[in-house]
Amino acid sequence: MKILEHAFILTFGNDHQVIEDGAVAYDQNQILGVGNSDQVRQRFPNAERHSANGRVVTPGLINAHMHLYSTFARGITLKDPPPENFVQILERLWWRLDRAFFQEDLYFSALVPLLDAVRGGVTTIIDHHSSPHALGGSLDTLKTAFHKCGLRGCLSYEISDRDGASRRDAAIEENAACLRGLKLHDSRDIAALIGLHASFTLEDGTLLRVSELSKALKCGVHIHVAEDYADLADARKRGFRSVVDRLHRFHLTGPDNIFAHCVHVDDVDIQTLAFTRTNVVHNPRSNMGNAVGCANIETMMREKVHVTLGTDGFSVNPLQDLAVSNILHKHQSKDPRKIYSEIWRILSHNNPALATAVFKQPIGVIEEHAVPDFVIWDYRPPTPITSENTLGHLLFGISNSSVFSTICKGRTLYENRRFTFMDEEEELEIAKRSRELAKSLWERF
Ligand SMILES: [Zn+2]
């Protein structure tokens with residue numbers, strides 16, 4: 001049992017508090033006590049004590065939509081003229097990249113951003129994977145990378161009809177095999193959802209099969225929804241009112257399901273997302289980079305849609321998307337009052353609620369019985385910090401400071417800017433091997 005004391009504890013969650021000279025007692029499974037440093041010390045006199053020396057401590061961050069495999073796109077040169085629209089971005093970059101992956105590439109492309117996650121205080125990642133030519137066992141490879149870095153991961157393989165029937169069937173089986181394996185081993189740290197690419201690359205027959213699988217395995221889906229107008233146009237061409245309408249008719253809405261993006265949704269879709277309690281993931285940097293539009297999260301949240309935050313592979317750290325979200329909606333609407341309290345709710349409540357549902361244990365809050373995942377930020381508040389102004393410190397202070405220490409599952413993974421589970425030589429070796437693999441992948445691209 002350990003105590004982390006002399007910290008500004010930001011608890012997050014429904015009853016968010018800032019505890020000055022706070023402490024948290026924990027073991028490998030859960031948080032045992034939270035409060036003032038003196039009180040916690042008295043309650044747990046035999047615990048091993050560590051001081052945060054007046055730094056800020058938050059729960060480990062949660063990324064609700066990530067593509068670990070996007071690592072090898074860093075610095076890549078496209079072989080075609082620059083894409084003019086979203087579908088061309090997929091065709092000229094992402095679908096060419098994912099087809100070039102071999103099994104060994106997968107491990108290193110996951111390991112690199114997972115190490116970034118540890119360095120950045122991100123302890124829970126909901127990933128969405130694709131590698132059609134290294135498909136069987138790909139989720140097991142990602143699982144190995146998560147175990148190596150000591151983080152929590154939710155896996156899914158994106159099912160699509162775009163690479164033909166045999167790869168689609170193999171993708172369905174990859175998800176099913178992963179889910180069956182996790183049920184057998186009762187894993188607390190690795191979860192899985194059934195991955196789907198997007199409505200416009202999925203035939204009705206595939207949606208029907210996935211819907212039946214989802215029911216049989218009691219497992220939700222993780223899918224890109226109405227990211228670009230092209231997805232909406234395709235759903236209409238198939239005779240549906242919208243993408244959300246199509247997925248709803250195949251019984252793929254609901255609280256177990258994750259819909260990334262939802263940029264091209266209307267009021268009726270928003271009502272459907274709200275009453276089915278479907279999770280939406282906002283990925284502002286990706287949407288801006290792909291020039292697909294700006295999701296109307298203000299209306300969604302007013303209508304009680306459960307909106308969460310992800311990065312869509314832009315980087316692994318959702319704090320950067322939080323910062324962009326704060327300015328994007330103001331810029332878009334030319335109204336500086338737009339979107340502030342909403343992003344605080346997303347970060348401190350909605351992302352934790354999603355992770356809690358996916359991993360079936362309390363995640364993303366510092367309270368008794370929650371999982372012991374924390375970040376010690378190299379940030380000592382230079383202005384008063386309260387439960388009312390925490391977001392200001394996150395946006396303009398904490399997100400610009402570095403991580404001093406990352407603790408996940410009660411285990412210190414990163415301390416004083418050093419990994420505890422590998423030495424610098426191994427870090428160098430990983431970067432070197434990753435560069436070699438990326439170089440030969442780029443030749444196949
Ligand atoms: Zn995505």
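Reader: Is Ala52 buried or exposed?

Author: Ala52 counts as buried, at 1% relative accessibility. Buried means under 20% relative accessible area, exposed means over 50%, and partly exposed is in between, using a 1.4 Å probe and protein chains only. Before we go on: this is a predicted model, where local features need pLDDT of at least 70, side-chain atom pairs count only at pLDDT 80 or more, and totals for chains, interfaces and linings use all residues. Residues are numbered from 1 along each chain as its sequence is written, and side-chain values use heavy atoms, with hydrogens and water left out.

Reader: Thanks! Where is Ala52 found?

Author: Look at the loop between strand S4 (48-51) and strand S5 (56-59). Helices (H or I, at least four residues) and strands (E, at least two) are DSSP runs, numbered from the N terminus.

Reader: And which residues is Ala52 in contact with?

Author: Leaving aside neighbours within four places in sequence, Ala52 is in contact with Leu4, Glu5, His6, Ala7, Val57 and Ile376. Contact means heavy atoms within 4.5 Å.

Reader: New topic: how is the chain divided into domains?

Author: There is domain 1 (2-60 + 364-409) and domain 2 (61-359). Those bounds come from an automatic or database domain assignment. The centres of the two domains, taken over C-alpha atoms, are separated by 30 Å.

Reader: How many residues of each domain are in contact with the other?

Author: 25 residues of domain 1 are in contact with 25 residues of domain 2. The area buried between them is about 2000 Å², and carbon and sulfur atoms give 66% of this. Buried area is the accessible area (1.4 Å probe) that two parts lose on being put together, summed over both.

Reader: Which three residues supply more than any other three of what domain 1 buries?

Author: Leu391, Leu395 and Lys409, which supply 29% of the area that domain 1 buries against domain 2.

Reader: What about salt bridges between the domains, how many is the count?

Author: Two. A salt bridge is a side-chain nitrogen of Lys or Arg within 4 Å of a carboxyl oxygen of Asp or Glu. Arg152 forms a salt bridge with Asp373, with the closest N and O atoms 2.7 Å apart.

Reader: Why does Val375 count as buried?

Author: Val375 counts as buried because its relative accessibility is 0%. Val375 sits in strand S15. Among the residues that Val375 touches are Val56, Gly121 and Ser405.

Reader: Last one: where does Ser401 lie?

Author: Ser401 lies in the loop between H14 and S16. Gly120 is 281 residues away from Ser401 along the chain, and their C-alpha atoms are separated by 9.8 Å. Leaving aside neighbours within four places in sequence, Ser401 is in contact with Trp377, Asp378 and Tyr379.
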